[in-house]
Amino acid sequence: MKRHFYFVAGWLSLALGAIGAVLPLLPTVPFVILAAFCFARSSPRLEAWLVDHPTFGPHIVAWREKGAISRKGKIAATLAFAFSIVLAVIFAPWPWMMAPVVAAAVTGSWIWTRPEG
């Protein structure tokens with residue numbers, strides 16, 4: 001039962017990561033790292049596929065070994081947060097426009113305190 005839960009959670013995380021590739025406020029790499037974590041407990045073949053993936057593999061390995069996020073990833077996350085804030089300021093009414101600002105401040109500060117890898 002546990003293995004099935006991790007398998008489904010891995011695919012759900014991978015799907016959210018794919019959606020995050022096009023939506024500014026939803027991150028991609030953290031969901032792919034979570035998918036690798038879930039697949040490590042449910043499907044060694046899918047975990048190996050993610051770890052060996054040319055785009056996502058280095059991020060997963062850096063996170064597993066050092067808890068590190070690349071500078072490029074940090075900058076990309078910051079730019080995505082900025083884009084989300086601009087969209088919210090333009091389209092969302094007060095106080096909802098503040099949600100991306102708070103999310104960016106909390107998550108962004110956590111991201112920038114991680115080591116770089």
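**Note on helix packing and selected residues**

1. Pro 100 lies in helix α6, residues 98–113, where helices (H or I, at least four residues) are DSSP runs numbered from the N terminus. The model is a predicted one, in which local features need pLDDT of at least 70 and side-chain atom pairs count only at pLDDT 80 or more, while totals for chains, interfaces and linings use all residues. Residues are numbered from 1 along each chain as its sequence is written, and side-chain values use heavy atoms, with hydrogens and water left out.

2. Pro 100 counts as buried because its relative accessibility is 10%; buried means under 20% relative accessible area, exposed over 50%, and partly exposed in between, with a 1.4 Å probe and protein chains only. Not counting residues up to four places away in sequence, Pro 100 touches Ser 84, Ile 85 and Ala 88, contact meaning heavy atoms within 4.5 Å. From C-alpha to C-alpha, Pro 100 and Ala 82 are 8.7 Å apart in space, although 18 residues apart in sequence.

3. Thr 28 is found in the loop between α1 (2–20) and α2 (29–40), and at 18% relative accessibility Thr 28 counts as buried. A polar atom of the Thr 28 side chain lies 3.2 Å from the backbone oxygen of Gly 17. Leaving aside neighbours within four places in sequence, Thr 28 is in contact with Gly 17, Gly 20, Ala 21 and Phe 56.

4. Helix α2 has 12 residues and reaches 16 Å from its first C-alpha to its last, close to the 16 Å expected at 1.5 Å a residue, the expected span being 1.5 Å times one less than the number of residues. The buried residues of α2 are Phe 31, Val 32, Ile 33, Ala 35, Ala 36, Cys 38 and Phe 39, and the buried residues of this helix pack against α1, α3 and α4.

5. Ala 40, also placed in helix α2, counts as partly exposed at 32% relative accessibility. Ala 40 touches Glu 47 and Arg 64, not counting residues up to four places away in sequence.

6. The axes of α3 (residues 44–51) and α4 (residues 57–66) come within 7 Å and cross at roughly 100°, so α3 is roughly perpendicular to α4, a term for angles of 65 to 115 degrees. In this pairing Glu 47, Leu 50 and Val 51 of α3 meet Gly 57, Ile 60, Val 61 and Arg 64 of α4.

Technical notes
Helix = DSSP H or I, 4+ residues; strand = E, 2+ residues; numbered from the N terminus. Polar contact = N/O pair within 3.5 Å; in protein donor to acceptor, adjacent residues only side chain to side chain. Axes fitted to C-alpha atoms, helices over the stretch in contact; angles between N-to-C directions. Parallel < 35°, antiparallel > 145°, perpendicular 65-115°, else oblique.
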